[in-house]
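Me: I am new to this structure. Please show me how to read its features.

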Amino acid sequence: LLVNFNYLCTDNFKTKAMRVVFVIDESDVFNSLFEVSIKWDCPFLPRQGEFINPDILMKELTPQKFYEKLTEKAKKEWNRWVKNKQDYYGSYEKAKEGCMSEWLLDMKMCVKEVTWDMDTKGCFAVIGIEESRNIWE
């Protein structure tokens with residue numbers, strides 16, 4: 001049986017956008033399962049070993065959601081970093097968004113595995129991500 005996942009997994013058949021969930025389940029930075037669900041409109045999924053650009057995750061991720069998932073140690077470091085970058089970004093709110101992007105980029109997130117799952121909304125890809133660099137080093 002051949003199945004075209006591109007058609008099964010689309011939320012909108014006209015745009016061919018697929019729901020993809022990025023997951024980080026083991027981390028020194030996040031205190032619980034870190035998931036970001038996005039609409040993926042690229043013609044292919046990232047492969048195992050490829051790095052993920054944080055801009056992809058930031059389509060659906062807010063600084064507040066990001067902050068809530070941080071460990072206490074990471075929150076202290078985050079607050080110090082945002083405060084130091086406030087002048088560079090022009091405001092505290094812009095500094096939070098800029099620092100989130102910097103942190104995600106610095107983590108050097110790499111695809112660990114790609115699997116498929118299904119829920120009431122249909123089929124979706126689950127992309128497991130691992131940190132290839134500890135930001136505490």
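Reply: Start with strand β2 (residues 17–24): eight of its eight residues are buried, so the strand is mostly covered. Buried means under 20% relative accessible area, exposed over 50%, and partly exposed in between (1.4 Å probe, protein chains only). Helices (H or I, at least four residues) and strands (E, at least two) are DSSP runs, numbered from the N terminus. This is a predicted model: local features need pLDDT of at least 70, side-chain atom pairs count only at pLDDT 80 or more, and totals for chains, interfaces and linings use all residues. Residues are numbered from 1 along each chain as its sequence is written, and side-chain values use heavy atoms, leaving out hydrogens and water.

Me: Which residues lie on each side of β2?

Reply: A17, R19, V21 and V23 are on one side, with M18, V20, F22 and I24 on the other. Both faces are covered.

Me: Which strand pairs with β2, and in what sense?

Reply: Two strands pair if DSSP finds at least two bridges between them. Here β2 pairs with β3 (residues 34–40) in the antiparallel sense, over seven bridges. R19 has K39 of β3 as its bridge partner.

Me: How many salt bridges are there?

Reply: Side chains of opposite charge can pair when their charged atoms come close. The rule asks for a side-chain nitrogen of Lys or Arg within 4 Å of a carboxyl oxygen of Asp or Glu. The count comes to five. One of them joins K85 and E102 (3.3 Å, N to O). That pair links distant parts of the chain: K85 is in helix α4, E102 in helix α5 (residues 92–106), 17 residues apart.
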